[in-house]
Amino acid sequence: MKISVVGTGYVGLVTGTCFAETGLTVNCVDIDEKKIAMLNKGIVPIYEPGLDRLISKNKDSKRLFFTTKIQESLEGASAVFISVGTPPDEDGSADLQYVLAVASDIGKYMNNYMVVVTKSTVPVGTAEKVRKAVQKELDARGVNIEFDVASNPEFLKEGDAINDFMKPDRIVIGVDSQKAEDTMKKLYKPFLLNNHPILFMDIPSAELTKYTANAMLATRISFMNEIAQLCEKVGANVNNVRRGIGSDQRIGSKFLYSGTGYGGSCFPKDVKALIKTGKENGLPMKIISSVEDVNDEQKSILFKKLINHYKEGIEGKTITLWGLSFKPNTDDMREAPALVLIDKLTNAGAKVKVFDPVAMDECKRRIGDIVEYSNDPYDAANEADALLLVTEWNEFRMPNFEILKKIMNNRVIFDGRNIYDKQELESKDFIYYGIGVTK
Ligand code: NAD
């Protein structure tokens, strides 16, 4: 079977590559000519562990192709997956211009039955808009070609995307015809054979499932960040509280880590879009609105702690950031807490030195040279008045504190991910601040 995947970003590239790995012939399409040229040369434009090897294997096996021409990709395809971006519009709603532009292109060029699948995260009602956009072009061409629409939201996590795609907890597919369901079942047959559940449902429920999942995860994070603040007031330790509740099977242990707030390309925009969907339907989303408010404040938490420590101000002080990406194992800096911190620190007159194992180029691309880029973590911490741990990359987990002791101007560590032990650091003569950690 043959499919087309339109949009070759984190989601499209992983989706196309993993489908090729299961034996389908996949054409990945993007309007970004530079990106497609790189992929055709075997250069992977994003950092995602294991993806380069899988791409080259499937390219060599002639199952995975990259093109800028959507028309070619649709020839004989059983399905086309729309996986372009849906960034927030000015009012917080998902901007559907890219999705609908692709839908129009599909209508312009399709010549056989196919399922038009939205894989991008889109609000309820988008599949209907996609259907209309495709049909409008078919009408303009004066042709009568049957097609179905479907919603197949993606739940992969950057950094572990291949695993998530190949071994999903579940696959959610919204359809409104038997033919579409049968086609999707065929495409996902290898996953069914491996006992990964496929949940077929109506299209609006599938569309809403994605937002609800991300909003739930964001809620857990903001909830724990609020509890962390309470811990600091009452002299408790949020790590103990987390362990205490996480061992309750009704709660589970995931997404209960307090830190510097959630970022990335999904949670912030999906939370905003869900609030907007509620508003449009006359339903103020009180819980999720608070989740967003708590998170916005949380992104400044290390800055607040720093200012509280250096009561005289931080002008002229050297502040080191370890970690720039919004989470480990990705170079993605969309909505990263590090960006908020850098902004506040530089505005306050601090000299900011940064190090990240993979996101340095991305940071340069975004903010240029307003910070000093260091070659390694210790170079970054040299002569620092404070070290802010922002992203919990593995290589930051067990630093050599003896070296840090020697090279830092002031031994103050702000641990934005609670990965160090307060007592251990205090015994080594560091001043330690965690998030919700008082003991
Ligand atoms: P991305 O920005 O990394 O990639 C989108 C790609 O689409 C870009 O390469 C862009 O050039 C291309 N594009 C835009 N318009 C196009 C057009 N008309 N034709 C062809 N290509 C076009 O985005 P992403 O992170 O992969 O996210 C895509 C969607 O998936 C979003 O809706 C996002 O919310 C959702 N999602 C993302 C993740 C994630 O972890 N990144 C996880 C699940 C769902």
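**Chat about the ligand site and the domains**

Me: Which polar backbone atom does a nitrogen atom of the ligand sit 3.4 Å from?
Reply: One from isoleucine 31. I count a polar contact as a pair of N or O atoms within 3.5 Å. Bear in mind this is a predicted model, where local features need pLDDT of at least 70, side-chain atom pairs need 80 or more, and totals for chains, interfaces and linings use all residues. Residues are numbered from 1 along each chain as its sequence is written, and side-chain values use heavy atoms, without hydrogens and water.

Me: And what about the ligand's oxygen atoms?
Reply: An oxygen atom of the ligand is 2.5 Å from an N or O atom in the side chain of threonine 86. There's also a 2.9 Å pair between a ligand oxygen and a polar backbone atom of threonine 121.

Me: How many residues surround the ligand?
Reply: 26, with Asp30, Lys35, Thr86, Glu158 and Lys269 the closest. To be near, a residue needs a heavy atom within 4 Å.

Me: Which domains do they come from?
Reply: Domain 1 (2-201) and domain 2 (211-297) each give at least three residues to that shell. The bounds come from an automatic or database domain assignment, which also has domain 3 (299-433).

Me: Switching topic: how far apart are the centres of domain 2 and domain 3?
Reply: 24 Å, taken over C-alpha atoms. Each of these two domains puts 15 residues into the contact, meaning heavy atoms within 4.5 Å.

Methods:
A polar contact is a pair of N or O atoms within 3.5 Å; within protein, one must be able to donate a hydrogen and the other to accept it, and residues adjacent in sequence count only if both atoms are side-chain atoms.
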